[in-house]
Amino acid sequence: MEKKVKALLDTITFLVFLFFDFVDVVLCVAYELLDELFEAKPFPCYCGKKLETKELSETLFWRKNVFRQMGFLSFGRKTCEAVKKRDDGNRGEMVNRWSDCGCDSCVSWMKKSNQKLHVVVKEFPQVNSEDGPREEATTENVIFLHGFLSSSSYWTRSVFKYLSEPLNHQIYRYFAVDLLGFGKSPKPNDCLYTLNDHVEMIHKSVISAYELSSFHLVAHSMGCNIALALAAKYPKFVKSVTLVAPPYFSDSNDETSSSMALNTVARKTLWPPLAFGKSVMTWELNFMVVDLTRHTHHSAWHSMHNVICGGSKFMDDYVGILINAKVKVWVIHGDQDLTVPLDCSNNLKMKFPQLKLIIVQNVDHGTVIFHRKRDFVKSLQHIWATS
């Protein structure tokens, strides 16, 4: 009976994703025609050959499609030169595409001349005691980076209210960032949302804007890849890195590591329902309700491929830089996480034994924080105090 059910599910899965493959190819042609109609030029897709740059994920170009493999609708393909032309010629152009919504979250950033990320800052003023001013306190900065399809509210509405002023003559200043393309931050449609794009905007909007000379990093899920890239670029600035459920998929072959990430976080399957939602994300559909309207398809789709999938090939190098710089790296992971399997953190620990790994029992990708906010904050404060 079990074999029959599996065979039936496999058949239905094949038919459903065969339909998605067909829709994918048809929409490729339809969107080209609509782009030409409304904007006088087509907006390039990734049906052609892979663009030779390490910043773009291989998964953008080779997600298998039955109809393209059979040569159907080949006239709908675009070449790599079109992608390169967009990347080189259109950066900085602030226009709203016909296919984008006109909500305030998506267009309000265009009204600002100096484009920076939306940052929520929480800090505690130095308080004098009854006996007079207390001993001069040092300021510790902490940057929080959210995960995929989320925003700074992931942190501000969970752990921020449990963060109190620590003792030992230290004042903590907390920065919760809306990553590029998410929340209230800019969502440029001419951006490819690579790791470098995210890192540059964080530097411009936080490190440079607030003149940070040192900081701790706390990141969840997709934000872990960005945190490692940021820390590896500024290792002398970083005091500690805390990664919560990092999507670590390392392999000696760059394309293999990217494909491992895609097949793990977005494999083609109908069951369980959450896994199905992640799999169709590669067709630019979303599966999460939280912050659903606070990003564009373009920003989410490219961030998934270029940060989660494509970023995996850089993780070993980034962690290696931090280990050599003697930066403390902590990893926290729930043992019931089905979105990013615990094997990711176990493999990371196996590759880099110097890391500190905390496995939390009976929690998953989200509840590792939301169901234990006080304990999570205590863990963070311990990490900061010992770094």
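In the predicted model, the axes of helix 7 (residues 195–207) and helix 8 (residues 222–233) come within 9 Å and cross at roughly 65°. Two packed helices are described by the angle between their axes and the distance between the axes. The crossing in which helix 7 passes helix 8 is right-handed. On the side of helix 7, the contact is formed by L195, N196, H198, V199, E200, I202 and I207, and on the side of helix 8 by N225, I226, A229, L230 and K233. When these residues are sorted by class, the contact of helix 7 with helix 8 comprises seven nonpolar, three polar and two charged residues.

The packing of nonpolar residues was examined next. In soluble globular proteins, nonpolar side chains tend to be buried together. The largest nonpolar core of this model has 56 residues, and the members that touch the most others are I143, L145, L217, V241 and L243. Helix 8 supplies the largest share of this core, with nine residues. Another core, of 23 residues, lies apart from the largest one and includes F160, A176, F376 and W384.

Taken as a whole, the protein chain contains 15 helices and seven strands, and 52% of its 387 residues count as buried. Among the contacts in the protein chain with a separation of 6 or more, 78% are accounted for by residues 24 or more positions apart.

Y172 belongs to strand 3 (residues 170–177), and its relative accessible area is 2%; since buried means under 20% relative accessible area, Y172 is counted as buried. Although Y172 and E140 are 32 residues apart along the chain, their C-alpha atoms are separated by 4.7 Å. H298, which is found in helix 11 (residues 297–309), has a relative accessible area of 12% and is therefore buried by the same cut-off of under 20%. Between H298 and D190 there are 108 residues of separation in sequence, while the distance from C-alpha to C-alpha is 9.2 Å.

How values were computed. Residues are numbered from 1 along each chain as its sequence is written. This is a predicted model: local features need pLDDT of at least 70, side-chain atom pairs count only at pLDDT 80 or more; totals for chains, interfaces and linings use all residues. Side-chain values use heavy atoms; hydrogens and water are left out. Axes are lines fitted to C-alpha atoms, for helices over the stretch in contact, and angles run from 0 to 180 degrees between N-to-C directions. Helices (H or I, at least four residues) and strands (E, at least two) are DSSP runs, numbered from the N terminus. A crossing is left-handed if the near helix is turned anticlockwise from the far one by less than a right angle, and right-handed if clockwise. Contact means heavy atoms within 4.5 Å. Ala, Val, Leu, Ile, Met, Phe, Trp, Tyr, Cys and Pro count as nonpolar, Asp, Glu, Lys and Arg as charged, and the others, Gly among them, as polar. A nonpolar core is a set of buried Ala, Val, Leu, Ile, Met, Phe, Trp, Tyr and Cys residues joined through side-chain atoms within 4.5 Å. Buried means under 20% relative accessible area, exposed over 50%, partly exposed in between (1.4 Å probe, protein chains only).
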